[in-house]
Amino acid sequence: MSSLTRLTKAYKSAKEVPFDDSSKFILFSDCHRGDNSFADDFANNRNIYHHALKHYFVNDFQYCELGDGDELWENLSFEPIYRAHKNIYKLLKLYHEKGRLHMIYGNHDMVYRNQSYVKKHLSYYFDFKEEKEKDLLKDIVYNEAIILKHTQTNQEIFLTHGHQADFMNYHGWRFNRFLVRVLWKPLQVWGIADPTSPAKNHKELIKVERRVKKWILQNDNKITVIGHTHRPRFPEPGDIPFFNDGSCVHPRSITGIEIEEGKISLVKWQVATKDDGTLQIVRILLEGPENIKDYQFK
């Protein structure tokens, strides 16, 4: 099965979410939430991420997570990840209860394509204070892809993780998981990069992007947003409408894509220093906003 076929398969099975010019979405991916150990790349940015996600919740955004939210290659199960980042999951629970949470699985959390696994591990958490189980992400469903479809124009925005364009991280994810868990996780402390990750392998990154662009050109220049490579991408109207929201494990910052008032933007959240020396978390507009309707579609 070619990368083009895999992307088409994801598109055809995608969950459809309606939107219009009053809708608001924030797209993040590649959080790689871990167990707060030396190998947890997310830990350095968790306060930035929590602040940003809380901002979007208060301002009525819907949250789409485009895969690799949880780091389930380095970690055997969800439980230690939940214990390390309880405040994050309790905030995701609020989104879920409001019907504003849309989850996509990637290669690092591919186990979430199994709904039985999701139901068993993510539906409840144990409250040690009250000594009983409580609802967490009850009835949450992880999808391979999501299509945002405009209710007036029928314009579509195709959201997926992007590992469909990466043979080893799609078909060989179990082997890569074994290598990461047994070999590369212990070596991270020495700064040795994981060669299975396109984010750390420039040649593979370019190949993945080229394959996704080829699929877009063969599918009526459909607006497509992925993660996977961790490299933010934001085209000008008239260019191939290939977007990438980046990741939440950049050094001291996270990037994401906002959709609001019929416009799309690339943003970064980071820690900045005030004149008096105190620190604050700020939102920086990197690209856009651009009118979604200005991107070519059939």
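**Figure 1. Surroundings of His102 in the predicted model.** In this predicted model, His102 touches Lys15, Val17, Phe25, Gln62, Tyr63, Cys64, Glu65 and Ile146, leaving aside residues up to four places away in sequence. His102 itself is placed in strand 4, a strand that spans residues 101-104. With a relative accessibility of 6%, which is under the 20% limit, His102 counts as buried. Val141 is 39 residues apart from His102 along the chain, and the C-alpha atoms of the two residues are separated by 8.1 Å.

**Figure 2. The largest nonpolar core.** This core has 39 residues. Phe28, Tyr49, Tyr56, Tyr63, Leu92 and Tyr112 are those with the most contacts inside the core. Two or more core residues are given by each of strand 2 (24-28), helix 2 (46-58), helix 3 (79-84), helix 4 (86-97), strand 4 (101-104), helix 5 (115-122) and strand 13 (263-273). Helix 2 supplies the largest share, namely 6 residues. Apart from this core lies another, of 21 residues, which includes Val17, Leu66, Leu148 and Tyr295. In soluble globular proteins, nonpolar side chains tend to be buried together.

**Figure 3. Contacts of Leu92.** Leu92 is among the residues with the most contacts inside the largest nonpolar core. When residues up to four places away in sequence are not counted, Leu92 touches Arg33, Tyr49, Leu53, Tyr63, Leu101 and Leu137.

**Figure 4. Packing of helix 2 and helix 4.** The axes of helix 2 and helix 4 lie 10 Å apart, and the helices pack at an angle of about 20°. Helix 2 is therefore roughly parallel to helix 4, the angle being under 35 degrees. The crossing in which helix 2 passes helix 4 is left-handed.

**Figure 5. Crossing of helix 1 and helix 8.** Helix 1 comprises residues 3-12 and helix 8 comprises residues 202-217. Their axes come within 10 Å and cross at roughly 60°, and the two helices are therefore oblique to each other. Helix 1 passes helix 8 in a right-handed crossing. From helix 1, Ser3, Leu4, Leu7, Thr8 and Tyr11 take part in the contact. Their counterparts in helix 8 are Arg211, Val212, Lys214 and Trp215.

**Figure 6. Asn221 in its loop.** Asn221 belongs to the loop between helix 8 and strand 10 (223-226). The relative accessible area of Asn221 is 15%, so this residue is buried. Ile216, Pro241 and Gln296 are touched by Asn221, again leaving out residues up to four places away in sequence.

**Figure 7. The whole protein, for orientation of the close-ups.** The secondary structure amounts to 8 helices and 14 strands. The protein has 298 residues, of which 53% count as buried. Of the contacts between residues at least 6 apart in sequence, 68% join residues at least 24 apart. The accessible surface comes to about 14,000 Å², and 49% of that surface belongs to carbon and sulfur atoms.

How values were computed
Residues numbered from 1 in each chain as written. Predicted model: local features only at pLDDT ≥ 70, side-chain atom pairs only at ≥ 80, totals over all residues. Heavy atoms only, no water. Helix = DSSP H or I, 4+ residues; strand = E, 2+ residues; numbered from the N terminus. Buried < 20%, exposed > 50% of the residue type's maximum accessible area, 1.4 Å probe, protein only. Contact = heavy atoms within 4.5 Å. Areas by Shrake-Rupley, 256 points an atom, 1.4 Å probe, with all protein chains shown as cover. Core = buried A, V, L, I, M, F, W, Y, C linked by side-chain atoms within 4.5 Å. Axes fitted to C-alpha atoms, helices over the stretch in contact; angles between N-to-C directions. Parallel < 35°, antiparallel > 145°, perpendicular 65-115°, else oblique. Left-handed = near helix turned anticlockwise from the far one by under 90°.
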